[in-house]
Amino acid sequence: MSLVWVLLVAVSVAFAAATGRMDALTAAAVESAGRGVTLALGLVGVMSLWLGLMRIAEEAGLVAMVGRAARPVLARLFRDVPADHPAHGAIVMNVAANVLGLGNAATPFGLKAMAALEELNPHKGTATDAQALFCALNSASVQIVPATVIALRASAGARQPADILGATLVASACATAVALLAARLLRRLYPVPPSPAPGTEAG
Amino acid sequence: MITAALETVSRWAVPLLLAGIPLYAIARGVKVYPAFLEGAKEGFQVAVRIIPALVAVLVALGMLRASGALDGIARLVGPAAEALGIPASALPMVLVRPLSGGAALGVVGDVLRAEGPDSHAGRLVSVMAGSTETTFYVLAVYMGSVGISRYRQALPAGLLADAAGFAASVLVVRALFG
């Protein structure tokens, strides 16, 4: 990520210099930094709500139950995660929340899953294959009803605001399949122990 | 019909979970309220833990957008994108989607207003927005929450997924709506 980050910043400064937008650039940097904090703190409420509910579900055995139910699928995707690991339950709840379009529940469940997967991580600070796959899955959209887009279309006066549903589902399925495939196929390009081998820096 | 059913599921899911999980737990003899407080306590820590990564990524992306680099790139790749079936008005979506969810919805709003929701571009940006995610934000939050700075294959995989979503959107919208 270091290289990507430096590249983004350097390209921005170069472009701003060329187009004379230095003031706007500085303002954007400062304002964005503040927005990062506002955004994170804005999550505290929903995060607490869903993590509280998740703990109840854990103690009632519900999380382990959904984890077991989805084991046939998860065991194939996350081969390095032991069968009884608590990460399974959190992963299922995250995916379910994503599919239902419950974005604000998906994030706390997903972070719970990341924390559970981190227990299996021997190289702190570097993502495991399972974590990379899980993040790739979350950076592809798997929701069934794109509620926000449909609402925007409705307010713009579409004849049938939801007529894009089928097309969106097909496109989402393609994106998700590519995310899973790419995460699996590209892992060899990014060896785990931090080493100066070529091709490792872009991560 | 199917849409209405799916929307009902979405609308009922949260209330059902909020009531269902505690009810099931209390029937199983779980001390529900202390358990909730115990879990909720983590909410603040988790949110605070993602701040550094979120600031880093948002600053870089904010600078990128303010620098005008995206406009430059749009001019540069515009003709190629047009040849691939992405109209000029939909191009900002492709550039902005992995960087900012809010900006992507802004593009959807602009195109719907300028060309109408039932236009080709209107449908295309709608499908694009619905089938992809804000990759940089997701990675910053998820990886940042456990202190990971080397994302490895997650970043290329996430960006390739976005690219696949865009390509599929172009093909499917053309096939379904002509």
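Chain B of this predicted model holds nine helices and zero strands, where helices (H or I, at least four residues) and strands (E, at least two) are DSSP runs numbered from the N terminus. Its radius of gyration, taken over C-alpha atoms, is 21 Å, well over the 16 Å that the globule rule (2.2 Å times the number of residues to the power 0.38) gives for 178 residues, so chain B is more spread out than a compact globule. Along its principal axes, the C-alpha trace of chain B spans about 65 × 45 × 30 Å.

An automatic or database domain assignment sets the bounds listed here.

| Domain of chain B | Residues |
|---|---|
| domain 1 | 1-42 |
| domain 2 | 50-177 |

The centres of these two domains of chain B, taken over C-alpha atoms, are separated by 33 Å.

The contact between the chains, in which two residues count if their C-beta atoms, placed from the backbone, lie within 7 Å, takes 94 residues from chain A and 91 residues from chain B. On the side of chain B that touches chain A, H9(B) gives the largest share, 15 residues. By class, that side has 58 nonpolar (Ala, Val, Leu, Ile, Met, Phe, Trp, Tyr, Cys and Pro), 12 charged (Asp, Glu, Lys and Arg) and 21 polar residues (the others, Gly among them).

Residues are numbered from 1 along each chain as its sequence is written, and chains are lettered from A and ligands numbered from 1 in the order in which they are written. Local features need pLDDT of at least 70 and side-chain atom pairs count only at pLDDT 80 or more, while totals for chains, interfaces and linings use all residues.
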